[in-house]
Amino acid sequence: LRGNDVTVFDFTIASANNIEIKNLRLNATTTGITTDEGFNDFKLWDTTNNSVISSATDIASTTGQNVTITDVINFSAGQSKRFKVTVDVDADNDAGDDILVALLAWQSGDIRNLDNNTNVATSTIVPSGQVTGNVQDTVTPGLEVQLSGSPASDSFVKGATNVPFVGFSLRATSDDIKITSLKISASTTGATSTITTITSDLQSLALYDGATKVSDTKSLTGSALPGTATFSNLNYTIKKGETKTFTVKGNISAAATAQAVHFIYLAATTDITAVDSQSNSVTITGSTANSGATAAVTTLASGDVTVAMATQDGESKARLVIAGATEVLGKFRFTSANEAMTVNKLSILVTPTANDATATSTAVSDEVSVVKLYDGTTGAQIGNSSGYSIIGSGASSGIALVDSLGWALGKN
């Protein structure tokens with residue numbers, strides 16, 4: 001719809017002789033068009049040099065319309081040329097209005113052989129009959145908007161950066177679609193629910209295609225909830241039939257309100273501005289993505305680490321160990337919740353019995369003099385390569401003190 005110079009028929013002519021085509025007869029049949037509708041600026045092109053070789057005709061007939069191209073077209077012996085027919089699709093056309101173009105059968109006198117200065121007999125032309133193209137339907141380019149399944153609701157601590165708040169799934173239909181601007185809205189619930197909370201807590205917002213930033217960085221503004229931010233001058237094109245996801249990412253202020261729940265959404269499909277390949281505005285359909293806070297971010301004061309005994313396996317279960325050998329004494333699972341953490345200090349207690357959780361005598365340090373630490377995921381040793389000595393006396397006997405470990409735990 002509203003497309004200019006849209007190709008509706010494409011064909012090739014090859015000649016064994018030096019010829020000139022004096023008449024090239026086309027027919028255009030339409031269905032569905034009514035008064036003030038049609039396919040305008042119907043013309044023939046030589047695609048070799050991308051030049052128009054005929055005058056323009058408007059196709060407004062509701063049945064069929066013949067168009068005879070009388071501009072002389074010359075061929076050298078052995079030459080092949082490719083042609084196309086284009087039209088402008090009237091803005092009043094409806095979706096489903098169509099056009100079918102055909103190259104009509106050649107008539108006597110249409111083609112002249114320049115080698116012998118005689119008309120080419122129609123019986124020598126292959127094919128001898130009509131060549132019909134494909135039906136070309138009028139379609140309305142559009143953009144479908146939905147909430148992406150990623151990211152899901154999550155929790156982040158104050159001061160977190162590059163936080164993914166929401167994803168918008170965008171699908172181009174019937175044409176390449178260029179998005180020129182997108183306005184987001186943001187609101188908050190939880191500990192406080194004010195425009196001040198949202199505008200101060202969420203900072204440096206931008207749109208991303210995967211890891212690639214595709215917009216300027218914006219701040220939320222407004223005098224009442226929701227806060228808004230408009231990303232303009234996007235110039236982002238989605239190819240026909242393709243789906244792209246815009247993820248809104250940003251930072252959470254180090255002074256953000258703990259337990260506040262923030263969500264970013266599209267308040268209306270009209271908050272997206274987009275055009276088709278002909279720079280015509282397009283229809284935006286779909287949902288007001290995330291207006292129901294399906295994907296929300298909760299702000300936490302800090303993260304934490306929990307430690308539990310890992311599932312026992314052949315190395316860590318109760319068993320006899322060999323004196324003088326390096327043996328696995330235990331495996332523990334460390335879980336970092338809400339943010340990435342670094343473990344720097346540990347106190348590891350080695351006891352002679354399974355149920356004894358207190359420091360013991362020097363007997364332990366005699367039996368286990370050093371402990372070494374390993375990352376169970378990578379198998380690599382962490383901390384001091386020489387290990388950590390068991391304290392042999394005093395209140396801390398039986399304990400290995402680990403300092404400056406620097407062991408990084410990813411979020412969750």
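**Notebook: a patch, a sheet and a pocket**

I noted that strand 28 (residues 304-309) gives the largest share of the nonpolar patch, three residues. Strands are DSSP runs of E with at least two residues, numbered from the N terminus. The model is predicted, so I kept in mind that local features need pLDDT of at least 70, that side-chain atom pairs count only at pLDDT 80 or more, and that totals for chains, interfaces and linings use all residues. Residues are numbered from 1 along each chain as its sequence is written, and side-chain values use heavy atoms, without hydrogens and water.

I listed the patch members as Val305, Val307, Met309 and Phe332, with an area of about 410 Å². Phe332 belongs to strand 29 (residues 332-337). Such patches take residues with over 30% relative accessible area and no salt bridge, nonpolar side chains being joined within 5 Å. The areas come from the Shrake-Rupley method with a 1.4 Å probe; a salt bridge is a side-chain nitrogen of Lys or Arg within 4 Å of a carboxyl oxygen of Asp or Glu.

I next traced an open sheet of four strands, in the order 8-2-11-12 with antiparallel pairing. Its edge strands, strand 8 (73-75) and strand 12 (118-119), each pair on one side only. Two strands pair if DSSP finds at least two bridges between them. Strand 11 (residues 111-113) and strand 12 are joined by two bridges in the antiparallel sense, and I found Arg112 opposite Asn119 in strand 12.

Finally, I looked up what lines the second largest pocket: 15 nonpolar, six polar and no charged residues. Strand 1 gives the most to this lining, with four residues.

Conventions. Nonpolar A, V, L, I, M, F, W, Y, C, P; charged D, E, K, R; others polar. Patch = residues over 30% accessible without salt bridge, like charges linked within 9 Å, V, L, I, M, F, W, Y side chains within 5 Å.
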